[in-house]
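User: I am new to this structure and would like to go through some of the terms used for it. Please set each value against its definition.

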Amino acid sequence: MSLLENLAMLQEGSSSVTSSALKLFSMMPPSSGFGSPHPWLKELKSEERGLYLIHLLLTCANHVAACNLEHANATLEQISMLASPDGDTMQRIAAYFTEALADRILKAWPGIHKALNSTRVSMVSEKILVQKLFFEFFPFLKVAFVLTNQAIIEAMEGERMIHIIDLNAAEPAQWISLLQVLSAHPDGPPHLRITGVHQKKEVLDQVAHRLIAEAEKLDTPFQFNPVVSKLENLDFEKLRVKTGEALAISSILQLHTLLALDDETMKRKSPLLLKTSNGIHLQRFHPINRSTFDNLLEKDLISSYTRSPDSSSSSPASLKTSNSMNTEMFLNALWSLSPKVMVVTEQDSNHNGSHFTDRLLEALHSYAALFDCLESTIPRTSLERFRVEKLLFGEEIKNIIACEGLERKERHEKLDKWFMRFDLAGFGNEPLSYFGKLQARRFMQSYGCEAYRMKEENGCVLICWQDRSLFSISAWRSRK
């Protein structure tokens with residue numbers, strides 16, 4: 001049974017295994033003592049263990065939210081007996097959620113937290129490797145590349161000077177494929193210029209080397225313009241958008257990182273969210289439920305994204321700033337460039353709730369699907385699988401659960417929220433073409449795993465594992 005099915009069973013309470021397991025657990029005290037957790041936990045079968053781990057994680061999250069550290073500690077001790085980064089799917093995901101919960105607790109003591117992480121080093125080469133492994137293990141980015149390239153090719157029909165801005169220029173495979181298509185144009189290849197944005201110069205250098213070599217081999221006129229920058233600090237003048245060239249923008253898994261700045265803006269406007277002295281955001285007196293928060297978000301979006309009378313005349317130069325840009329400013333700046341098409345790929349999940357317990361439950365569902373993907377396709381003993389789970393998914397889970405404010409970058413949202421943002425920023429949806437979706441569907445079928453599926457929604461594509469939507473791909477154009 002998959003982890004997603006276990007989660008569904010736990011929520012519905014329809015399974016006899018689920019109800020009997022939870023009934024047994026509810027009769028147990030949190031622990032019979034910090035040094036002697038229940039020995040029967042080790043004797044559980046795989047399915048029962050999975051259900052217990054889910055229940056324990058949710059219980060621990062509630063203890064952390066209530067600042068009941070004694071019970072949180074006891075629950076973490078029980079989880080640690082069952083979780084394992086090299087076990088079955090639920091054991092693996094529980095190991096990283098446990099680490100995230102413990103990290104959130106430790107953030108209440110900044111000195112201890114900083115001391116424990118003071119020697120932690122993040123290698124650029126390690127990040128590049130794990131991103132390449134994600135690209136290889138899953139079809140998500142490959143499908144995004146297929147749909148993005150096809151949307152660009154269709155929008156650029158008849159153009160001889162093409163400029164593409166890649167807001168995350170980390171993987172040359174997408175543009176190598178596009179160069180090959182353009183080189184076969186019956187009237188000869190158009191001139192292609194790609195501006196690649198990335199915060200690491202080493203990454204841009206590698207991409208430039210690959211693309212220039214491919215363009216020379218295909219005898220295609222090509223330029224690569226590297227821009228070393230974080231997205232929120234991007235100087236739009238460095239994009240060097242010129243009159244007479246047709247512009248396309250590609251954003252893959254990037255825009256959600258700007259939402260942290262939106263959150264800070266909303267908290268300044270609203271007294272409902274308070275920050276306690278220990279760094280954990282709590283609601284005072286009454287927690288905000290999901291519908292209330294969604295209504296607040298919608299109202300804030302409408303007030304934040306409504307254009308000022310002179311915003312339509314804003315030039316990229318006027319948007320140059322050394323300060324960070326929130327989503328509104330960034331989308332307005334992209335709109336002012338008048339792209340013929342902008343294709344956006346984002347995680348399709350609700351990981352941007354105001355309370356971390358809501359985020360934890362949503363993240364359990366999303367990462368359960370991703371861990372199930374690996375369980376179905378990659379051996380448990382694979383070192384590469386371990387790296388993806390720990391260095392990519394584990395770090396994302398920790399950011400979603402343990403971090404708040406500007407530190408929390410993994411603010412994944414559903415497609416309908418992005419629809420609202422793009423619409424209010426002056427973009428109109430451009431339905432993905434039948435041919436593009438046909439290409440993507442054929443690729444998914446060739447991947448050899450029936451659990452990977454594609455759904456269409458309002459002219460966009462959702463890539464799913466079983467029935468769980470994980471990534472959205474949508475195309476947009478500037479409304480004049």
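User: Where is Ser 433, and why is Ser 433 called buried?

Analyst: Ser 433 lies in the loop between β8 (427-429) and α17 (434-446); helices (H or I, at least four residues) and strands (E, at least two) are DSSP runs, numbered from the N terminus. Buried means under 20% relative accessible area, exposed over 50%, and partly exposed in between (1.4 Å probe, protein chains only). Ser 433 has 19%, so Ser 433 is buried.

User: Why is Arg 387 called partly exposed?

Analyst: Arg 387 has a relative accessibility of 31%, so Arg 387 counts as partly exposed. Arg 387 sits in helix α15 (residues 383-402). Leaving aside neighbours within four places in sequence, Arg 387 is in contact (heavy atoms within 4.5 Å) with Leu 129, Val 130, Leu 133 and Leu 392. The C-alpha atoms of Arg 387 and Val 130 are 6.6 Å apart, although 257 residues separate the two along the chain.

User: How do you know that Cys 373 is in no disulfide?

Analyst: A disulfide is a pair of cysteine sulfur atoms within 2.5 Å. By this rule the count is zero. For Cys 373, the nearest cysteine sulfur belongs to Cys 449 and is 7.2 Å away. Cys 373 has 0% relative accessibility and therefore counts as buried.

User: What is the mean pLDDT of the chain, and which stretches are below 50?

Analyst: The mean pLDDT, the predictor's confidence in each residue from 0 to 100, is 83, and 79% of the residues reach 70 or more. Over residues 13-36 the pLDDT is below 50, and residues 272-322 are also below 50. Where pLDDT is low, the predicted coordinates should not be read in detail.

User: What rules apply to the numbering and the values?

Analyst: Residues are numbered from 1 along each chain as its sequence is written, and side-chain values use heavy atoms, leaving out hydrogens and water. Local features need pLDDT of at least 70 and side-chain atom pairs count only at pLDDT 80 or more, while totals for chains, interfaces and linings use all residues.
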